[in-house]
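Thanks for asking me to look this one over. Could you open the structure alongside my comments and follow them point by point?

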Amino acid sequence: MESNCVQFLGNKTILITGAPGFLAKVLVEKILRLQPNVKKMYLLLRAADTKAAMQRLRSEVVEINLFKVLRNDLGEENLNDMVREKIVPVPGDISIHNLGVKDSDLLQRMWSEIDIVINIAATTNFDERYDIGLGINTFGALNVLNFAKKCVKGQLLLHVSTAYVCGENSGLFLEKPFTMGQTLSGDTKLDINVEFELMKQKLKELQHQDFSEQEISQSMKDLGMARAKVHGWPNTYVFTKAMGEMLVGKYRENLPLVIVRPTMITSTLAEPFPGWIEGLRTIDSVIVAYGKGRLKCFLADPNTVFDLIPADMVVNAMIATATAHSGKTGIQTIYHVGSSFQNPVTFGQLHETAARYFTKKPLVARNGSPIIVTKGTLLSTMGQFSLYITLRYKLPLLILRLMNIIYPWSQGDKYNDDSRKIKLAMRLVDLYQPYLLFKGIFDDLNTESLRRRRQSIKELDGSFEFDPKSINWDDYMENTHIPGLITHVLKQ
């Protein structure tokens with residue numbers, strides 16, 4: 001690297017999409033705290049106008065607990081001054097040409113000033129509507145690329161994808177780019193324009209047949225899942241993200257391109273303080289359901305490696321990759337940011353840690369009593385899980401249904417309620433099953449090489465740490481991540 005990360009950020013103008021999302025907020029806070037001499041950050045967020053964008057910036061970014069360290073260091077007034085000086089909230093949408101920026105003067109100013117474009121915007125719903133997934137994750141990525149190519153000072157596009165674009169295969173996954181039209185099924189040809197036309201035609205048919213919005217939405221979700229599986233991907237999210245990678249790789253021309261592929265992002269390890277998280281992410285739904293005593297059985301192989309990586313390490317890696325590649329014309333480099341290769345943790349380990357934590361520090365029920373947890377039953381194959389659900393829940397539900405037929409006034413509500421819960425549970429299991437039983441490891445040769453280069457310039461103060469070998473998983477889960485969930489998500 002030609003300079004260290006703090007020096008690199010000085011006097012830079014950066015466009016960040018995906019604000020006020022989880023990762024974008026951690027990135028913005030990091031830059032303001034470590035390099036107050038950053039020139040400017042344009043934050044693209046969905047809003048009706050500039051006033052609404054500013055309101056979102058304040059209420060969903062600057063005023064949240066993540067910024068408490070900056071607020072304590074600078075004081076409220078000085079932080080507000082810094083935000084006014086350094087951050088420009090931009091109402092927009094990456095699924096629209098020119099990112100949906102309507103102000104022509106603002107557009108020209110952005111194109112003339114921006115050095116670095118960081119695209120974090122995405123829809124992460126596994127079963128997203130196909131039209132929305134294509135609009136944001138696929139063609140949205142191309143829109144960001146085309147915008148970045150108009151930036152006269154443009155030094156780099158950093159595109160955040162996901163490591164799970166690899167699909168459901170097992171083995172060691174390398175940091176390799178996709179080629180245009182590549183599929184994971186091997187026996188099909190992927191044409192992204194054909195996918196787009198197929199989606200448009202289906203949507204047009206649904207609208208002309210006078211379906212309800214709910215029916216249209218479900219049909220578009222079903223279409224996305226079906227098309228993903230035709231081409232070898234397990235869900236709409238990773239399929240549309242993979243196609244987005246193909247487009248930016250194909251049409252980048254001479255613009256330097258870095259694609260960062262994080263694995264499952266968890267709460268902050270250290271910065272700006274340990275344990276900050278927003279919302280339930282990946283494995284967090286399982287942890288919370290277990291802590292609340294609602295998880296009696298679960299589909300997971302205890303030996304499956306869960307590739308987790310704290311959010312601040314992802315952000316540190318993003319800044320380090322930008323520092324390393326900015327201005328290097330024509331390059332395209334992929335970085336896996338995860339832990340499975342360097343410091344793997346299994347689901348069995350995570351289960352043991354969660355059981356230990358909630359046994360010692362149980363959650364509290366609404367009536368004020370502690371929630372007692374048991375180890376529960378882990379089922380390592382879909383066949384075992386289906387058999388367990390049938391014997392434990394579906395057969396009793398069938399009996400309840402018969403009772404409802406004989407005595408419809410007595411059990412109807414309970415049958416319908418239990419039936420809905422089982423259907424929902426099975427749908428969630430179907431969505432998450434590829435990751436619960438995932439047998440892949442993510443090679444991080446490029447990322448490890450970057451870590452070593454960073455060390456060679458003596459940037460060893462921990463400000464840009466992204467080495468997963470430094471994580472003690474038991475300690476992190478028990479003393480940082482689970483307490484962070486309880487504090488910032490459950491608000492207990």
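Below are a few numbered points on a leucine, a pair of helices and the cysteines.

1. A word on the source before anything else: this is a predicted model, so please read each point with that in mind.

2. Let's begin with Leu70, which sits in helix α4, spanning residues 68-74. Is Leu70 buried or exposed? Its relative accessible area is 4%, and because buried means under 20%, Leu70 counts as buried.

3. Which residues surround Leu70, once neighbours within four places in sequence are set aside? Leu70 is in contact with Glu29, Leu32, Arg33, Gly75 and Leu79.

4. Next, have a look at helix α11 (residues 284-291) and helix α17 (residues 473-489), which pack with their axes 11 Å apart and at an angle of about 85°. That angle makes α11 roughly perpendicular to α17.

5. Who meets whom between these two helices? From α11 come Asp284, Ile287 and Val288, and from α17 come Met477, His481, Ile482 and Leu485. Sorted by class, the contact of α11 with α17 has five nonpolar residues, one polar and one charged.

6. Finally, the cysteines. How many disulfides does a search of the whole structure find? The search finds zero. As for burial, Cys5 has 0% relative accessibility and counts as buried. Cys166, at 10% relative accessibility, counts as buried too.

Note on methods
Residues are numbered from 1 along each chain as its sequence is written. This is a predicted model: local features need pLDDT of at least 70, side-chain atom pairs count only at pLDDT 80 or more; totals for chains, interfaces and linings use all residues. Side-chain values use heavy atoms; hydrogens and water are left out. Helices (H or I, at least four residues) and strands (E, at least two) are DSSP runs, numbered from the N terminus. Buried means under 20% relative accessible area, exposed over 50%, partly exposed in between (1.4 Å probe, protein chains only). Contact means heavy atoms within 4.5 Å. Axes are lines fitted to C-alpha atoms, for helices over the stretch in contact, and angles run from 0 to 180 degrees between N-to-C directions. Angles under 35 degrees count as roughly parallel, over 145 as roughly antiparallel, 65 to 115 as roughly perpendicular and the rest as oblique. Ala, Val, Leu, Ile, Met, Phe, Trp, Tyr, Cys and Pro count as nonpolar, Asp, Glu, Lys and Arg as charged, and the others, Gly among them, as polar. A disulfide is a pair of cysteine sulfur atoms within 2.5 Å.
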